[in-house]
Amino acid sequence: MGFNFGSICVRVGDGVTQDRVAEVIDAYWTERGATRRAKGFLKVEPLTLEDGGDELSFAVSPITDGWIVIADSERYNACQPLAQHLSGALATEVVWFEVTEVADAASYARYAGGAELDKHGDEDASDYSATMDFLDAQGFPHFGLYFDHMSRRAWDREGFRVFGYRDVSDDDYHGGAAEPDEPDTAEQIAAREAGLRATVDLAWQVFAEVAAAADATTDLDAAYRTASAARVAPERSWPGDQGDLDDLGHLLTEARRWDRLLELAEVVAHHDGREDVHGWRADGLVGQSRFDAAMPHVLHQLFAKADTVGPYARLAHVYAQTGRRTLALEIAAACRRLEDDGDLYTRHGDAWDPAGLAAAAPPQTREAARLTIAHVLRDELEGAPLGDASRTDLADFVDLARRLGDPTDLAVVTTRIAAEQARRAEVHDRLAHAIARRDRAGVRRLLADLPPGEPVDASGDDAGVRFELLAHGVRAGRDAGLEELLRAALAAGTPADAAPYLALAQRRARRESAVYHPTAAVALATGQRDLALELCRLARRTYCPTFLELERDPALAALHGDPQFRALFDDLAAEAPLARGDDDGRVYVREHVVVAFFVPGRLGRHAARLAPKLLRVLDAYLAYLPAGALAHGLVGVHATRGDDTRPFDDKLLARVRQQLAPARLASNPDTHVELFGPGDDNAPYHLELSGDDDDDANVIAMRFPPEFVEDKGLAAFRAWVETVSTYVPYTYGFATRALTPESYYSSDATMHARFTALARWHAGLDAVELVELRVRLADRVPGAKWLTFLDHKKLRRLGGVDALARGLEPHGVRVAALANGAVVQAGDAPDRGRGAAFANREQLRRVHAALSPVISLAWNLNGALEDYPSGVDGWLRRYLDDLALPAPANPILRARSARPGL
């Protein structure tokens with residue numbers, strides 16, 4: 001779990017003794033009104049002061065390695081004002097620090113003579129990195145000492161002085177009460193408003209330029225976020241963290257630029273129909289006092305979002321501006337009474353005058369406040385149309401009425417809702433029968449009797465019926481079904497039915513490139529040949545997962561002989577090694593040759609044996625690389641790329657070696673090291689070492705650019721890898737040509753889709769997830785690789801090296817005994833097939849079959865290939881599907897049917 005504590009360390013000098021330190025601590029607290037406790041001071045819970053208590057205890061160590069260490073009962077903290085006082089009273093250096101490794105948080109300070117010292121140039125480093133670098137270098141005694149983990153006997157055995165106090169002030173502990181906020185001056189207010197105007201003007205200028213340049217392939221939100229990060233954020237402060245369209249809407253509302261807010265709503269609605277436009281329109285129209293035009297939007301949100309705060313604040317503002325100020329104040333006051341219900345009716349000030357709100361006295365009881373809200377809902381929604389409300393909205397509203405106490409006043413609304421729910425249930429029942437009869441016309445008629453937002457099940461084995469169901473959802477704004485809608489129209493032989501959706505499909509394809517394929521087919525079928533060609537070009541440019549299938553798709557047969565179409569495929573096989581970047585220039589996937597060895601678990605228990613071996617692999621990798629290959633690195637299980645990356649130099653390398661020292665691993669086996677370069681983003685060269693004291697395997701992995709391996713010569717490179725394999729007692733190892741995504745890609749939908757697409761384009765490449773393998777492999781291997789290293793235990797399960805060689809060598813597979821086991825080589829070179837073109841397909845299949853007793857495919861690459869046919873299992877078995885081989889030993893795979901791979 002890592003360290004989570006604070007300490008004070010006092011350097012020993014003239015007159016600095018354990019007793020003297022204890023005397024100064026005692027004087028410090030008694031002068032501040034604290035009282036010494038005679039007993040019970042060992043049982044003070046951590047964070048007692050933090051939780052409102054007044055008890056505090058201290059433990060003062062004897063002199064150890066030139067330092068006296070002070071721990072206190074708060075444990076997670078240490079008293080920084082006391083540290084500064086001790087440095088003056090004792091005329092010596094005092095170090096204060098706090099470390100919370102689980103949150104990557106840490107800080108430290110050095111004092112002498114009552115004043116804080118500088119940190120030797122570390123001010124620009126992150127608090128965590130600077131602190132850990134400093135603490136590693138100092139090597140303080142009693143590091144990791146937790147006051148609450150020690151007994152009286154343990155304190156006495158270690159020679160500590162322990163004592164405690166009551167009546168301790170939390171303000172004294174943390175440095176005094178915060179100064180009360182002073183009201184802003186007129187100058188400060190004017191400066192803030194001027195800054196807001198400047199931010200609005202710049203942000204809107206950037207949006208106008210992005211919107212003017214946008215076409216059907218532009219992701220407007222992403223394009224604006226990128227532009228604002230480059231041009232707005234460096235100049236102006238944002239109200240939010242992203243600088244996206246949501247932030248722009250909030251900014252325009254704060255600045256009361258209602259004209260621009262309405263223009264934003266229109267542009268975004270026309271471009272991609274985001275749900276946000278409803279709130280923007282309501283705010284913009286209310287801000288312009290166009291209350292009649294605003295009310296439909298206000299009521300829509302009042303019904304659909306009745307348990308959120310915005311609609312009530314907005315409605316109260318409308319009431320106040322249209323002569324119903326008393327009722328407006330009642331609503332605002334009721335919301336104030338109910339604001340401790342989490343986010344239900346929390347006061348919201350986006351369109352309400354705080355001075356007017358202050359005049360409203362909250363109802364005396366919560367029940368009265370609920371009744372006020374119920375009256376508002378009844379009066380506004382009693383005759384409001386329900387046609388646009390989904391069944392989910394209806395049910396949510398009934399639940400809301402129940403939480404309000406289900407007052408009688410709401411019965412008229414809930415009765416209407418119950419009747420509407422019953423009517424829709426009957427329509428859905430009739431719809432199910434029409435779907436079963438494949439009655440496309442009947443399905444269309446019944447769907448017209450439902451509101452556009454009503455969810456329907458788009459299943460069914462008739463393509464025409466499925467098209468109608470999907471079209472209903474798309475009309476409601478659920479454009480995620482566009483790809484299937486287009487394919488359903490093609491399958492039904494009615495592509496013209498899908499023509500009205502082509503523009504929307506092109507917008508959807510910006511976010512999901514797989515949509516380009518059926519969109520091109522529909523465009524071609526409806527006579528738009530040039531558009532179809534352009535969509536095929538976009539399919540390649542955006543890494544459409546099914547791009548390779550375009551040249552075999554009968555729906556695109558009319559393009560197959562076109563030279564412009566053929567040119568899209570002619571140079572694919574000769575593509576250089578992959579290094580794909582996103583719009584910000586970050587490399588989200590790169591092609592590497594990856595070498596990894598998985599070492600037995602319990603790193604701390606076996607530190608004396610494993611540490612020298614891991615260091616030997618590290619040295620071998622460093623010696624093998626060209627000069628200047630590594631540029632950066634990070635050390636520590638909680639280190640992050642953003643905050644903790646350091647230049648690769650002798651200092652960093654020394655820290656890496658310190659992490660791998662036997663004594664350090666024995667006391668703190670949680671280890672993570674990365675070295676990489678050139679560059680700092682999915683770099684060509686990369687070494688990773690990750691381990692802990694669990695039973696999971698530890699991993700040391702090395703990446704190389706393919707051109708480096710080719711320059712070395714494949715035979716020489718293979719020999720080097722096999723030599724390195726003798727340095728560590730691996731349970732399993734491999735060498736393969738692989739796609740390696742940068743870690744951030746998994747939370748980015750666009751990067752995720754592009755990575756999946758590249759995997760399907762280059763099906764010969766592995767996709768490696770080392771951390772997941774480390775914790776899931778146990779005594780298994782994840783399928784066949786170019787080089788597979790097996791330990792002696794696995795070899796015994798496979799019948800031994802000689803039996804393995806007899807079964808595989810007749811098929812061109814090399815098997816060789818090594819000091820720590822054996823290596824199985826599938827082909828002369830690590831494969832890099834396109835589509836089904838595997839040079840090593842036969843060897844890989846034979847290796848997979850031979851290793852099936854020790855293979856496990858029960859892992860998921862962190863979802864990286866979930867879009868591949870048959871999912872990750874399909875990916876890992878992609879070279880097996882047309883070969884009759886024994887069923888895999890893995891029961892998960894045995895229960896699944898194989899589907900054709902690429």
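Ala-59 stands opposite Ala-71 of strand E4 in this predicted model. The two strands concerned are E3, residues 56-60, and E4, residues 67-72; they run antiparallel and are joined by three bridges. Helix H2, residues 80-90, packs on the sheet to which these strands belong, touching E1, E3, E4, E5 (93-100), E6 (105-112) and E7. The direction of H2 makes about 20 degrees with that of E6.

The sheet as a whole is open and consists of eight strands in the order E2-E8-E3-E4-E1-E5-E6-E7, with antiparallel pairing. Strand E2 (35-37) and strand E7 (115-116) stand at the edges; each has a single partner strand, so one side of each is left without a neighbour in the sheet. A further helix, H1, comprises residues 18-30 and lies across E1 (4-11), E2, E3, E4 and E8 (161-166). The direction of H1 runs at about 0 degrees to E8.

The whole structure contains 36 aromatic pairs. One of them is formed by Tyr-685 and Phe-708, whose rings are edge-to-face, with 5.5 Å from centre to centre and 80 degrees between the planes. Because Tyr-685 lies in strand E14 (residues 685-691) and Phe-708 in helix H29 (residues 706-712), the pair ties together parts that are 23 residues apart in sequence. Tyr-685 is buried, with a relative accessible area of 9%, and Phe-708 is likewise buried, at 9%. Elsewhere, ring pairs link Phe-5, Trp-67, Phe-97, Tyr-108, Phe-134, Phe-140, Phe-143 and Tyr-146 into a cluster.

The cysteines may be considered next. A disulfide requires two cysteine sulfur atoms within 2.5 Å, and by this rule the count is zero. For Cys-536, the closest cysteine sulfur belongs to Cys-544 and is 9.1 Å away, which is too far for a bond. Cys-536 is buried, with a relative accessible area of 0%; Cys-79 is also buried, at 0%.

Two helices remain to be described. Helix H9, residues 258-271, has 14 residues and spans 20 Å from its first C-alpha to its last, close to the 20 Å expected at 1.5 Å a residue. The buried residues of H9 include Trp-258, Leu-261, Leu-262, Ala-265 and Val-268; Arg-260 and His-271 are buried in this helix too. Helix H27, residues 650-659, contains Arg-655, which is buried with a relative accessible area of 17%. Apart from its neighbours within four places in sequence, Arg-655 is in contact with Met-132, Asp-133, Asp-136 and Val-635.

How values were computed: Residues numbered from 1 in each chain as written. Predicted model: local features only at pLDDT ≥ 70, side-chain atom pairs only at ≥ 80, totals over all residues. Heavy atoms only, no water. Pairing = 2+ DSSP bridges. Helix = DSSP H or I, 4+ residues; strand = E, 2+ residues; numbered from the N terminus. Contact = heavy atoms within 4.5 Å. Axes fitted to C-alpha atoms, helices over the stretch in contact; angles between N-to-C directions. Expected span 1.5 Å × (residues − 1). Buried < 20%, exposed > 50% of the residue type's maximum accessible area, 1.4 Å probe, protein only. Phe/Tyr/Trp six-rings, centres within 6.5 Å; stacked < 30°, edge-to-face > 60°.
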